Amino acid sequence: MQSWPASSVPALPGQGPQLRLYDSADRQIRPVAAGETATMYVCGITPYDATHLGHAATYLTFDLVYRVWLDSGHRVHYVQNVTDVDDPLFERALRDGVDWRDLGADQTQLFRDDMAALRVLPPHDYVAATDAIAEVIELVEKLLAAGAAYVVDDAEFPDVYYRADATDQFGYESGYDRDTMLRLFGERGGDPDRPGKTDQLDALLWRAERPGEPSWPSPFGPGRPGWHVECSAIALTRIGTGLDIQGGGSDLVFPHHEYSAAHAESATGERRFARHYVHAGMIGWDGHKMSKSRGNLVLVSRLRAQGVEPAAIRLGLFAGHYRADRSWSDAVLDEARARLSRWRAATALSTAPDATDVIARVRRYLADDLDTPKAIAALDGWCTDALEYGGHDVSAPNAVRTAVDALFGIELT
C-alpha cells in the first residue's frame, strides 16, 4: 500500500539533543536509546470515517518524534498499519449500503490527503491488514505451537484465542489491575463473555468465518485476523524485535498495545516488545473526547474545505502538550492563526535579533518529551523582540524560518 508524498525537511547546522520521552510502561521520562536507525511503529486508522483532530494530534505527535530524530542525526524506519478489515468498517459499510472494500479505500485515501496537507512525514512501510494475512497466520501458528494460544471448543465458530497468562509480564505496559482491564477490554473491542474461553481476558487472534464476512484460508480454518495480532505481525516482519517506539493514542494503551506487545513477546521470547511505549492525549470538543461514537468530530478535511490553513491546525494542536487531554475550539484556532501571522511577519523582516539561542532552546525543549508549549513560547518571545525592538542580524529571520520548518513542520513563507 502506498503512503503519501513526503515534504522536504531542511537540515539545521550542527546536531540537536537526543530525544527523551515519557514511557507509559515505566511511568517516567527517560532517554530513547535509538541506534543509527531509529525504529517506530504507530498504529494506523480503521478507515470507516474521515480523519478527525484526535487522529491528527496523534500522528502529529509522532511526526515531531520523527523530526527530532532526524535533527539528532538518526535515520528513521517508521511503520504504520491500516486496519482495513474489522467490524466497525463492515458495520459502517452496511449502514451506508456500500462495499466495505470501497469504503476502506475511499477513507484511506482521504486520510492520505489529510496527512499530506498537514505535512506529516509518511511511514516507510504503510501496510494494510489485508496485505499482511500470511504474516498474521504465521504468527498465530507460532503462538499455537508455543501453547500461548488455543482454539475454542465451538463446532460452529472455532475461533483462536491468545492466553492472557502466556507471559509472566502481561499487564506491565498499562499497569492496570484486573478489574480495570476487564472493564476496558469490554469497552474497547474485547469479548470477555465469549463462551469457551479459558479466561475472560483472553484475546481473539483469528475469527473463524461467519456468514457474510470476508475470510481467508488458514491451517486452523477460514477466517480473518483479530485486531491486536495484525500490529504484532506487521511490526515483527517490518522491524523485528526491540523496536524503539510503539506509539498511538492513549486509548490504545489497553487493550490494543498491551496485547500486541504480549503476542510478539510470546512468539519471540523477548521480555519487552518495545523500548518505549508512547501515547498521545485525547482531543475534546464540547467537553467530551472527540470520537466517532459520540458524533462530535472536527474533521481535518472539513476544516481544509472551509479554508483553514493546515499550518494553523498543526500550530493549534501543538499549543498543548502531546500527553495532555485537551480541547479544540474556535478560540484555539484563532490563537493559532494569529500566532502563525506573527511568526511570518517576524521571519519576513530583513534583520532581526540573533537566533542562535532561540533555536537551541527550541531544539532542547522538543527533545525533552516534545515540550511544544515551551518551544512555542520561546519562538513567541523572539518574534516579539524582532517585531517590537528590531535587530541587526541579517541571517536570523531565515534561520528561524528554517528551524520552524525542520522541527515543527510549518512553512512560514
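Predicted model: local features only at pLDDT ≥ 70, side-chain atom pairs only at ≥ 80, totals over all residues.
Student: Why is H2 called roughly perpendicular to H3?

Tutor: The axes of helix H2 (residues 87–96) and helix H3 (residues 100–117) cross at roughly 105 degrees and come within 9 Å. Angles of 65 to 115 degrees count as roughly perpendicular, so H2 is roughly perpendicular to H3.

Student: Which residues make the contact between H2 and H3?

Tutor: Leu 89, Phe 90, Arg 92 and Ala 93 in H2 meet Trp 100, Leu 103 and Gly 104 in H3. By class, five are nonpolar, one is polar and one is charged.

Student: What makes Asp 87 and Arg 224 a salt bridge?

Tutor: Their side chains meet at 2.6 Å, N to O. The cut-off is 4 Å, so the pair qualifies. Asp 87 lies in helix H2 and Arg 224 in strand S9 (residues 223–225), 137 residues apart.

Student: Why is Arg 224 called buried, and what is Asp 87 called?

Tutor: Arg 224 has 3% relative accessibility; buried means under 20%, so Arg 224 counts as buried. Asp 87, at 30%, falls between 20% and 50% and is therefore partly exposed.

Student: How do you know that Glu 187 is exposed?

Tutor: Glu 187 has 53% relative accessibility, and exposed means over 50%, so Glu 187 counts as exposed. Glu 187 forms a salt bridge with Arg 183, at 3.6 Å between the closest N and O atoms. Both lie in helix H5, four residues apart, about one turn of the helix.

Student: What makes S13 and S14 edge strands?

Tutor: Each pairs on one side only; the order in the open sheet is S13-S12-S14.

Methods
Residues numbered from 1 in each chain as written. Heavy atoms only, no water. Pairing = 2+ DSSP bridges. Helix = DSSP H or I, 4+ residues; strand = E, 2+ residues; numbered from the N terminus. Axes fitted to C-alpha atoms, helices over the stretch in contact; angles between N-to-C directions. Parallel < 35°, antiparallel > 145°, perpendicular 65-115°, else oblique. Contact = heavy atoms within 4.5 Å. Nonpolar A, V, L, I, M, F, W, Y, C, P; charged D, E, K, R; others polar. Buried < 20%, exposed > 50% of the residue type's maximum accessible area, 1.4 Å probe, protein only.
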